Amino acid sequence: MKKYMGNKLAILLFILPALAIFITFDFIPIIQVFAYSFTDWNGLTMPNFTGLKNYLDLFTDRVFFTSNRNQLIFAIVITVYQMLFATVFAITISDKKMNGRKFLRVAYFIPVILSVTVVCQLWSAILSGEGLLNKLFEVAGSDFKQNWLGDRYKAIYVIAFVNAWQWMGYQFALIVAGIKSIPADYYEAARIDGCSNVKAHMKITIPLLAETYKFCLIISLTGGIKAFTEMNILTGGGPNKSTFTLTYMMYNAAFKKSDYGYGLAAASVMVIECMLVMLVINFIFRDKDQKKEEEKARRKRNA
Amino acid sequence: MKKRLLSSLVCLTVAATSLIGCGNAAATTTDTAVSTETKTEAADTTATETKAEDTTATSGEKVTLSIYTQYADDDTKVPYDYAVEQLKEAYPNVELNLIVQAQDDGQTLKTLAATGQLPDIYQASTDLINTFRESNQIMVLNDVAESTGFLDKLYDANKDLAYAEDGNIYAFPFSGQEYVLWYYNKALFAENNLEVPQTYDDLLNCIEVFKSKGITPLALFGQEGWNTAAAFDVVATRYTAGGIKALDEGTAKITDEAYVNAAKKLEELVAAGLFQEDATTTNYDQASEKFLSGEAAMFINGQWYIEDATKALGDNVDWMFYPAQDAAAYTAGKAAFSGGGSASGFAVNPDSANAELAAEVAEFITEKYCEAKVMYRHNPLVALNTGKEPDSEYPAMMKKLSDTLPSVTSTTKFTWGLTNSTFNDGIQSESQGLVSGQFTADEFIADMEDIME
């Protein structure tokens with residue numbers, strides 16, 4: 001193995017196919033997005049260079065701030081909901097004494113395999129003005145009837161909940177797999193030392209799942225920033241663009257106003273935001289060893 | 001050395017196999033995608049274009065032309081089916097391959113244009129015509145219009161609809177001047193001892209009565225931006241006849257007193273409960289169902305809804321002149337309608353393998369659409385004088401409209417006829433905000449002012 005790893009040609013040949021695909025289908029399009037964001041391209045004709053105009057317009061657009069606020073709310077809601085419930089459910093069904101584990105494992109995962117459109121139609125029927133939820137309040141004699149999807153402030157939370165409900169099962173599956181990889185010896189040792197179940201999970205399970213959580217966090221937060229489908233189906237971005245995100249801004253500018261340049265400026269900001277989030281998460285979840293090495297290097301420099 | 005050579009050789013083989021594998025996979029995927037997408041619109045176009053090229057190139061007989069048009073309800077299905085039947089007789093060698101138009105403000109068509117997959121014939125709105133003109137993806141039809149006698153058949157009132165801003169014909173319009181009508185359920189008004197509202201005070205009274213009975217005063221399908229823009233326009237035209245058309249053309253400003261007053265009036269009506277609470281998330285089917293089932297007393301839609309409304313409600317449905325601020329304004333406003341014609345219709349892809357034939361067929365279909373609309377949809381408001389008569393009597397509402405039309409002095413535009421796409425996007429979303437009751441009239445004015453700047 002060492003011999004192969006020492007052969008630079010072999011390394012190059014092995015990574016070449018993946019690298020070529022990445023460059024062709026990811027890297028070049030991203031560069032194009034940034035390049036076209038400085039033009040007045042309408043998607044069909046030759047673009048003209050307009051400098052920073054699209055960005056200046058974007059940063060003074062009311063909808064830009066609404067979109068960023070929505071992305072933040074969306075990301076926080078789905079992250080908290082998914083990670084919290086996925087952890088609780090995963091730990092619960094990891095207990096071998098529990099009855100109905102198999103059923104629950106499948107039940108939690110079912111929404112993931114459904115199409116987003118199906119899920120949105122389902123929740124749309126529940127949340128509409130005359131929908132199930134409002135009917136339930138009515139039957140219960142409560143006048144707490146809400147315009148769940150038509151409220152300019154509340155709708156984004158409702159949409160985020162729908163997304164979180166659907167994709168919680170995905171994180172649940174990741175955490176279950178993570179828990180399974182933890183040796184049972186650790187729990188046995190903890191039990192011998194008189195550790196309670198809750199404490200054992202707090203001290204063993206959760207710290208050892210750091211890498212899994214890191215991955216979950218990345219998909220939740222970047223998923224929040226890129227959110228589009230749910231708002232497109234449930235509210236159409238309304239009322240009056242109050243459930244817009246940057247992706248929706250891009251879509252609206254490109255396809256409704258034929259202003260691809262402006263839309264791609266929104267897309268560029270979104271790409272930068274996603275990268276920043278990933279950098280921050282990577283920084284937070286740095287290896288302890290790496291941290292120690294950094295500390296040592298700092299001391300050396302100071303000495 | 002030998003081992004190194006061998007390992008390099010193995011690596012090369014693996015890499016080559018992977019690449020070949022990728023190549024094959026990609027080819028397979030494309031093939032699969034193409035075969036799967038025969039059901040989808042885009043691939044239909046490609047397949048059809050290829051087929052058309054093949055057929056003309058080899059035999060010169062059977063030609064299949066792809067056509068992208070609406071085919072969703074009776075108002076769009078009946079004319080299309082009729083045109084196809086007629087086409088079989090007039091052009092036996094031509095077959096049409098229908099690609100059903102998506103209700104997406106032209107996004108699908110723009111995407112097809114961007115990828116060079118435009119259908120041979122497509123239904124184009126004013127916005128699309130303007131966009132495709134810049135990229136030379138729409139055919140100039142002046143000669144075809146003349147040679148086929150299309151221009152002679154155009155009603156004088158619709159002459160303008162055929163020409164774009166640059167004086168050329170890019171699409172054959174089949175719809176004539178169209179109007180936003182304020183429908184109402186006569187039976188519900190009678191049951192509740194209500195007169196048809198003429199002023200906003202009357203309307204507020206109706207709202208109060210209907211709401212107290214659990215009836216939605218007016219069912220709006222606010223999920224569609226054009227419907228909310230029309231709701232604003234019917235109020236705006238009571239204050240200034242230009243309505244949203246004047247704003248689109250830049251001959252008026254949203255800060256003009258008339259528009260400010262219109263926004264404030266609409267805000268007041270919304271606050272009183274004119275529309276259902278979830279109006280902005282209600283689609284056409286839901287709103288129409290509410291109206292036709294008697295759950296809602298009023299409805300705003302185009303005159304094309306007359307046929308469906310009459311079929312469902314019979315004599316219990318009618319349309320009213322839009323209420324105004326006072327009796328004098330009401331009387332004066334009877335001559336000012338919201339809605340209007342637009343330079344839109346069947347356009348032709350100049351890069352089509354059979355562009356000349358497609359242009360002829362587009363003109364033929366346009367003519368047949370007009371005939372079908374008159375004969376089977378009882379809608380005389382078409383672009384062409386077809387000389388046809390309806391297969392049965394016109395519905396009462398259409399008769400009333402026909403009697404009113406000679407006195408109409410001004411119309412505005414539907415959103416698909418607006419030429420400024422930024423304004424179009426703005427008025428659709430901002431009017432949606434206004435009818436939601438969660439955005440004030442001041443916010444509406446300020447936001448629209450920002451958008452127009």
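Which residues touch the most other members of the largest nonpolar core? In this predicted model, local features require pLDDT of at least 70 and side-chain atom pairs count only at pLDDT 80 or more, whereas totals for chains, interfaces and linings use all residues. Residues are numbered from 1 along each chain as its sequence is written, and chains are lettered from A and ligands numbered from 1 in the order in which they are written.

The largest nonpolar core comprises 70 residues, of which B:W182, B:Y183, B:L218, B:L220, B:F299 and B:I300 touch the most other members. Such a core is a set of buried Ala, Val, Leu, Ile, Met, Phe, Trp, Tyr and Cys residues joined through C-beta atoms within 7 Å; a residue is buried if 20 or more other C-beta atoms, placed from the backbone, lie within 10 Å of its own. Helix α11 (residues 225-239) of chain B gives the most to this core, with nine residues; helices are DSSP runs of H or I, at least four residues, numbered from the N terminus. Apart from this core lies another, of 55 residues, among them A:V119, A:C120, A:L149 and A:L234.

Chain B is assigned domain 1 (2-176 + 342-393) and domain 2 (178-340 + 399-452), with bounds from an automatic or database domain assignment. Each domain contributes 13 residues to the contact between them, where two residues are in contact if their C-beta atoms, placed from the backbone, lie within 7 Å.

The contact between the chains takes 35 residues from chain B and 32 residues from chain A. On the chain B side, α1 (2-36), α4 (107-114), α5 (126-134), α19 (421-436) and α20 (441-452) each supply at least two residues.

Notes: Buried ≥ 20, exposed ≤ 12 C-beta atoms within 10 Å, placed from the backbone.
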